[in-house]
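Please follow the structure shown below with the sequence beside it.

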Amino acid sequence: MRSHSLRATVVNLKGLKTVAICLLIFNALSLISIYSSLHQAGEFVGQQILYRQLLWIAVSWLALLIFANINYRIYFDLAHLIYGFNLLLLFWVLFFGKKVMGAQRWIEIFGFTFQPSELSKIATIIILAKFFSSRQESIHAFLLPLGFTAFNALVILIQPDLGTALIIVFLFLALGLFSRIPKRYFFGLIAIGLLISPFLIGSLKDYQKRRLLVFMNSDLDPLGAGYTIIQSKIAVGSGKFTGRGFLSGTQNQFNFLPERHTDFIFTVIAEEWGFFGSLFLIILYWLILSKVLQRAKETQDQFACFLCLGISLLFFLHIFINIGMTLGILPVVGLPLIFLSYGGSSLLVSFILLGIFFNISRSRK
């Protein structure tokens, strides 16, 4: 029965072949770029990292097939349970999580690390889709999801993980504007946020404040907080239209650019494949986003509609913020580039979300 169901899922993937092909190309680009970023002075120095990413890709595809086979309506009934389970994991991380470079965000299992704050993105999309699809217009319908979102973001902020906390808040604001709740509540909240932002900035960690200062003037600390973004802009600019070629990027190969296989992997692609390679990448993202948004528009189920909107918004925010920070037009907040950056948590969560989208696409509602 299970094998028959899995075969049915694979057959149904044919209807979504554009998304599936894009994902396969992303997998190939990710491995090629990670290989290049770990190749220094004519020697490949990161076999273990590449093999781990290969394993995460295989696990992510398996997760996609499994979630594509689960009726998405079950998440409506389990929304609070999923949110609560994720909250338990976040609290577990606060007390027992693995600490790396001052941040305590990871749970280590059999040598592999997983970031529960990535799961928060799924939990947030599901619970907001449940609230906002209820068609209620009262202040209560606004305050309840606001409370769930704020508490979730606050726990993540303590880790600290500013980028993910901001993503959670943006999801609430953006999805809320598509709901039937009066827009004045959301615009009022945005106005309050802008008014108190100077006080919020004062509560940031020192390294986060330095990132903001460097964003306003990258020459302020060229050998410290501004170093990475300066090297990133040099690498992107040196790629010009066609790029320097595979394994030929100077900023990458001569180890000038830190974090190039994780948050700054777009810089590797821009330096080696240039403007046209970067444009090709953005077209791939656009193809996936357009398919998800098209399904949000076509479905008659409000819950499914908000799930698709949440998935597309999450992907868009990741793409826009990550590429923006590598170009120096947005502050560095430590967000991976979905489908490409090294790291299993982000990849697995992105594929699970697409598995949910695939299941929605199989529905005729």
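With a relative accessibility of 56%, Phe-96 counts as exposed, where exposed stands for a relative accessible area over 50%, buried for under 20% and partly exposed for values in between, taken with a 1.4 Å probe and protein chains only. Phe-96 belongs to helix 4, and helices here are DSSP runs of H or I with at least four residues, strands being runs of E with at least two, both numbered from the N terminus. The model is a predicted one, in which local features need pLDDT of at least 70 and side-chain atom pairs count only at pLDDT 80 or more, while totals for chains, interfaces and linings use all residues. Residues are numbered from 1 along each chain as its sequence is written, and side-chain values use heavy atoms, with hydrogens and water left out.

Phe-96 is also one of the residues, together with Phe-91, Trp-92, Phe-95 and Phe-151, that make a nonpolar surface patch of about 580 Å². Such patches consist of residues with over 30% relative accessible area and no salt bridge, nonpolar side chains (Val, Leu, Ile, Met, Phe, Trp, Tyr) being joined within 5 Å and like charges within 9 Å; the areas come from the Shrake-Rupley method with a 1.4 Å probe, and for residues only the protein chains shown count as cover. Helix 4, which spans residues 74–96, gives the most to this patch, with four residues.

The strands come next. Strand 3 (residues 98–100) runs antiparallel to strand 4 and is joined to it by three bridges, pairing being assigned where DSSP finds at least two bridges between two strands. Lys-98 has Trp-106 in strand 4 as its bridge partner, and the hairpin formed by strand 3 and strand 4 has two residues between the strands, with Met-101 in the turn at a positive phi of about 50 degrees. Strand 4 also pairs with strand 5 (residues 112–114), in the antiparallel sense and over three bridges. Here Ile-109 stands opposite Phe-112 of strand 5, and in this hairpin, again with two residues between the strands, Phe-110 takes a positive phi near 50 degrees. Strand 4 covers residues 103–109, and because five of its seven residues are buried, it is largely enclosed by the rest of the structure.

How many salt bridges does a search of the whole structure find? It finds four, a salt bridge being a side-chain nitrogen of Lys or Arg within 4 Å of a carboxyl oxygen of Asp or Glu. In one of them Arg-73 pairs with Asp-301, and their closest N and O atoms are 2.9 Å apart. Since Arg-73 lies in the loop between helix 3 (47–68) and helix 4, and Asp-301 in the loop between helix 12 (265–298) and helix 13, the pair ties together parts that are 228 residues apart in sequence. Arg-73 is partly exposed at 28% relative accessible area, whereas Asp-301 is buried at 11%.

A salt bridge also links Glu-108 with Lys-98, the closest N and O atoms being 4.0 Å apart. Glu-108 lies in strand 4 and Lys-98 in strand 3, so this pair ties together parts that are 10 residues apart in sequence. Glu-108, at 46% relative accessibility, is partly exposed, and Lys-98, at 33%, is partly exposed as well.

Glu-118 and Lys-121 form a salt bridge with their closest N and O atoms 2.8 Å apart; both lie in helix 5, three residues or about one turn of the helix from each other. Glu-118 is buried, and Lys-121 is buried too, the relative accessibility of Glu-118 being 5%. Leaving out residues up to four places away in sequence, Glu-118 touches Pro-336, Ser-345, Ser-346 and Val-349, where contact means heavy atoms within 4.5 Å.

The interior remains. Beyond four places in sequence, Leu-354 touches Val-19, Leu-23, Leu-64, Ile-288, Val-292, Phe-315 and Phe-339. Leu-309, placed in helix 13, is buried with a relative accessible area of 10%, and apart from neighbours within four places in sequence it is in contact with Leu-175, Phe-178, Leu-293 and Ala-296.
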